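Please open the model in your viewer and keep the sequence panel beside it. The tour below moves from one selection to the next and says what is found at each stop.

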Amino acid sequence: MNRANQYQQRQQALAPLSRSDPWDMLIIGGGITGAGIAREAARRGLAVLLIEQKDFAWGTSSRSSKMVHGGLRYIASGDFKTTLHSVRERERMLNEASGLVNEMHYVMPHYKGKFPPPWIFNNLLRVYDKLAGKHYFKYVKKDAFLSLNPHIKQDKFLGASQFSDAVTDDSRLVMRVLDEAIHDGAHAINYLKAESLITTEQGLVVGATLKDTSPQHSTHTYDVQAKVVVSATGAWADTLRMQASQQTEQTFHKQIRPSRGSHLVVSQERLPLNQAYTFLHPVDKRAIFVFPWENRTVLGTTDLDHPPLDDTEVGITNAEVDYLLTATNDLFDDVDISRKDVISSWAGVRPLISDGNDGKRVSPSKEKRDHSVWLDNNLVTVSGGKLTTFRLIALDVLKVCQKVLELDESATQDNMSYSSQVFSKQTSINPKFTALPLPLQQRLKGFYGLQLDTLLELAHDDDLAYVTDSNTIWAEIRFAARYEQVIHLDDLLLRRTRLGLILPNGAMTPLISQRVKQICEQELGWDEQKWQQEADRYQALWQRYYYLPAA
């Protein structure tokens with residue numbers, strides 16, 4: 001294949017921009033919120049265009065704690081409504097997207113004289129289960145628990161409370177929801193930035209000027225008209241709102257409080273877990289999680305105010321590294337996890353909705369995780385909220401859009417977010433699929449949905465093998481390169497797959513990188529020079545933002 005392949009793929013992705021009629025909805029932001037809005041709008045028959053200035057899920061939606069959960073702490077603070085909505089959405093996702101969203105057991109160890117005592121936490125869990133309509137909670141006594149969990153601190157240990165939430169691959173969740181939207185007629189394009197809003201003389205927003213930020217087309221701009229423009233840019237939401245307000249000289253107050261959450265990844269050999277642990281940090285008493293993910297163990301998360309955002313990456317700090325290692329070694333006091341055990345890190349910025357009272361701010365951990373929707377001169381802006389409730393956030397956005405756009409609600413009688421016809425007849429008899437282990441079959445169905453047949457058709461025989469000890473098979477890399485708008489190597493290794501987070505050196509060891517290079521040459525038409533440019537760029541980015549900061 002020749003070098004033109006990636007250029008041709010990009011041309012095909014950009015083709016919808018030649019549309020002459022206004023779009024019903026232009027969505028700015030390719031994270032889980034934007035994907036969810038596109039999903040709900042497209043199923044209602046709207047002409048939808050979603051754009052993302054970087055890669056899909058590049059921001060918060062590939063850097064979350066990977067948890068689909070109800071939020072126990074909301075009950076403790078009296079916010080039963082948020083918990084109720086969250087646990088019901090969790091159950092919906094477990095039922096509709098099995099293999100992508102999976103149940104995970106959590107335990108809270110209890111120690112004499114330490115908060116929370118078992119009776120308080122267990123009563124909390126009974127309410128949690130009641131809201132979900134499921135029974136997950138059980139209390140495990142001291143001896144029974146220690147026999148299965150020998151690494152935790154045993155001094156003054158009383159027993160442990162066990163409950164359930166869920167875990168996902170957040171970036172693949174975005175791609176799955178986008179695929180469902182595209183199946184219903186939406187268009188989604190990455191590396192396309194909203195440079196400015198298009199407004200009428202009265203200041204009403206009627207579209208946006210878009211700039212291609214991909215290497216091949218970086219000088220191209222497009223004026224796109226839309227009946228309603230939705231900004232779903234998360235922690236960056238204030239930027240476009242300010243533009244819309246300036247059109248009518250309205251007073252604008254910033255609403256978004258960026259909060260950074262960082263994580264570390266270590267091997268299962270160094271800290272073997274078969275369930276998640278939640279416990280309070282010995283210094284500031286914040287909740288910490290240590291949990292299994294993708295055959296690795298994740299330590300997280302921090303919760304700190306982050307400086308005003310620009311378009312650059314976000315990385316963990318040395319103070320955060322020390323903070324997470326201190327907490328982990330306090331609970332698992334015979335493993336001594338250190339910096340040399342860290343495989344990778346990631347940091348994301350959450351968009352908290354601030355009341356604007358900077359002088360009396362609570363800590364980021366105590367801010368509510370509610371979302372807000374604003375309407376400014378035909379620009380609908382949404383920010384805040386949780387990964388778990390993205391569907392409910394989308395529905396709230398559409399309610400506001402109804403003020404400026406007519407919606408057909410008759411198309412939503414089947415309100416499943418994920419297609420129920422994933423397991424096609426073609427897949428069920430495909431020998432490539434039936435030869436795979438059952439857990440891998442379930443994972444691929446959850447990750448790829450309606451695209452699974454296409455992935456299997458594309459796969460070479462040796463593509464069905466796992467990439468070393470990961471849960472990823474080579475066919476996923478090939479499929480992403482061919483069909484999922486991969487522009488840069490980090491798109492492929494940090495978001496379409498998570499190999500850059502779970503393999504040493506960001507998956508750029510000689511054997512792995514040589515095979516990835518071969519696939520990029522075959523599917524993207526990269527030559528030696530292009531591969532080297534991308535490899536150098538990726539390794540510099542990974543070293544600075546996805547490993548450990550310089551001491």
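**Stop one: a hairpin**

Select Thr 199 and you will find it standing opposite Val 205 in β9. Strand β8 (residues 192-199) runs antiparallel to strand β9 (residues 205-212), and seven bridges join them; strands are DSSP runs of E with at least two residues, helices are runs of H or I with at least four, and both are numbered from the N terminus. Two strands are taken to pair if DSSP finds at least two bridges between them. β8 and β9 form a hairpin with five residues between them, and in the turn Gly 203 has a positive phi of about 90°.

Before going on, note that this is a predicted model, in which local features need pLDDT of at least 70 and side-chain atom pairs count only at pLDDT 80 or more, whereas totals for chains, interfaces and linings use all residues. Residues are numbered from 1 along each chain as its sequence is written, and side-chain values use heavy atoms, with hydrogens and water left out.

**Stop two: aromatic rings**

Rings of Phe, Tyr and Trp (its six-membered ring) pair if their centres lie within 6.5 Å, and the planes count as stacked when under 30 degrees apart, edge-to-face when over 60 and tilted otherwise. By this rule there are 15 aromatic pairs. Select Trp 526 and Trp 531, whose ring centres are 6.4 Å apart with the planes at 45°, so the pair is tilted. Both Trp 526 and Trp 531 are buried, where buried means under 20% relative accessible area, exposed over 50% and partly exposed in between (1.4 Å probe, protein chains only).

Trp 542 counts as buried because its relative accessibility is 4%, while Tyr 547, at 25%, counts as partly exposed.

**Stop three: backbone details**

Which residue is joined to Phe 115 by a cis peptide bond? The partner is Pro 116, with omega about 0°, and Pro 116 is found in the loop between β4 (101-111) and α5 (118-132). The peptide bond from Gly 300 to Thr 301 is also cis, with omega near 0°, and Thr 301 lies in the loop between β14 (296-300) and β15 (304-305).

Now select Ala 57, which has a positive phi of about 65° although it is not a glycine. Ala 57 is in the loop between β2 (48-51) and β3 (67-68), and at 1% relative accessibility it counts as buried. Lys 156, in the loop between α6 (142-148) and β6 (157-168), likewise has a positive phi, near 65°, but at 53% relative accessibility Lys 156 counts as exposed.

**Last stop: a loop residue**

Finish at Glu 269, in the loop between β11 (256-267) and β12 (276-280). Glu 269 is exposed, with a relative accessible area of 66%, and its C-alpha is 9.1 Å from that of Thr 297, 28 residues apart in sequence.
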